[in-house]
Amino acid sequence: MQEAEILLVEDNSNCEELALRALKKAGYDKVVVARDGAEALGMLLGEGIDRDEHHEPNFVLLDMKLPKIDGVGVLQRLRSDERTRGLKVFALSSSEDPKDLEQCRSLGVLAVLPKPLNPELLKRWLH
């Protein structure tokens, strides 16, 4: 098993469950879930939450369509903060729109992974 802590940012409970299953099959079981962009930023930047809830994951799986602050907004904020500028982020998207994919890449995501997550694909990208 990997020791890496993962932050999964996903607002859809069905997609969350599928992602957690895929992560477990890929050998990752230390996963924290945020259900919107604001909650994710709070966890990553430690703003507006208890210090005990602050997380420094090895990487983030970020859904691009989120309530409160969407994935692009989260990425822009992470890249503008010195503490999280280099954080490894994988975008999760069901969109195949080239404009959406290019925007993710321009904000430094390592890859855009299709939903639902595939355990074999995860192993390839995360190891």
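Biologist: In which strand is the place of V9?

Modeller: In this model, which is predicted, V9 has its place in strand β1.

Biologist: Is V9 buried or exposed?

Modeller: A residue is called buried when its relative accessible area is under 20%, and V9, at 0% relative accessibility, therefore counts as buried.

Biologist: Which residues is V9 in contact with, once its neighbours within four places in sequence are left aside?

Modeller: V9 is then in contact with A34, D36, A40, V60, L61, L62, D63 and L66. V60, looked at in the same way, leaving aside its neighbours within four places in sequence, is in contact with L7, V9, L44, L87, K88, V89 and F90.

Biologist: How many residues does the largest nonpolar core have, and which have the most contacts inside it?

Modeller: The largest nonpolar core has 23 residues, and those with the most contacts inside it are L7, V9, V60, L62 and V89. At least two residues of this core are supplied by each of β1 (6–9), β2 (31–34), α2 (37–45), β3 (59–63), α3 (71–80) and β4 (88–93), while α2 gives the most, with five residues. Another core, of 18 residues, lies apart from it, and A26, F90, L122 and L126 are among its members.

Biologist: How many cavities of 30 Å³ or more does a search of the whole structure find?

Modeller: Rolling a probe the size of a water molecule over the atoms shows where empty space is left. Here the search of the whole structure finds one cavity of 30 Å³ or more, and the largest cavity has a volume of about 60 Å³.

Biologist: Which residues line the largest cavity?

Modeller: The lining is made up of E10, C15, L18, A19, L92, K115, P116 and L117; by class, six are nonpolar, none is polar and two are charged. Helix α1 (residues 13–25) provides the largest share of this lining, three residues.

Biologist: Where is P116 found, and is P116 buried or exposed?

Modeller: P116 is found in the loop between β5 (111–114) and α5 (119–126). A residue is called exposed when its relative accessible area is over 50%, so P116, with a value of 59%, is exposed. The C-alpha atoms of P116 and S93 are separated by 8.8 Å, although these residues are 23 residues apart along the chain.

Biologist: Which residue caps the N-terminal end of helix α4?

Modeller: D97 caps the N-terminal end of helix α4 (residues 98–106), with a side-chain oxygen that lies 2.8 Å from the backbone nitrogen of K99. After α4 comes G108, whose phi is positive, near 85°.

How values were computed: Residues numbered from 1 in each chain as written. Predicted model: local features only at pLDDT ≥ 70, side-chain atom pairs only at ≥ 80, totals over all residues. Heavy atoms only, no water. 1 Å grid on protein atoms, 1.4 Å probe; cavity = no way out; pocket = protein on both sides within 12 Å on 5 of 7 lines; lining within 4 Å. Points joined across faces, edges and corners; volume = space filled by probe spheres on them. Helix = DSSP H or I, 4+ residues; strand = E, 2+ residues; numbered from the N terminus. Nonpolar A, V, L, I, M, F, W, Y, C, P; charged D, E, K, R; others polar. Core = buried A, V, L, I, M, F, W, Y, C linked by side-chain atoms within 4.5 Å. Buried < 20%, exposed > 50% of the residue type's maximum accessible area, 1.4 Å probe, protein only. Contact = heavy atoms within 4.5 Å. Polar contact = N/O pair within 3.5 Å; in protein donor to acceptor, adjacent residues only side chain to side chain.
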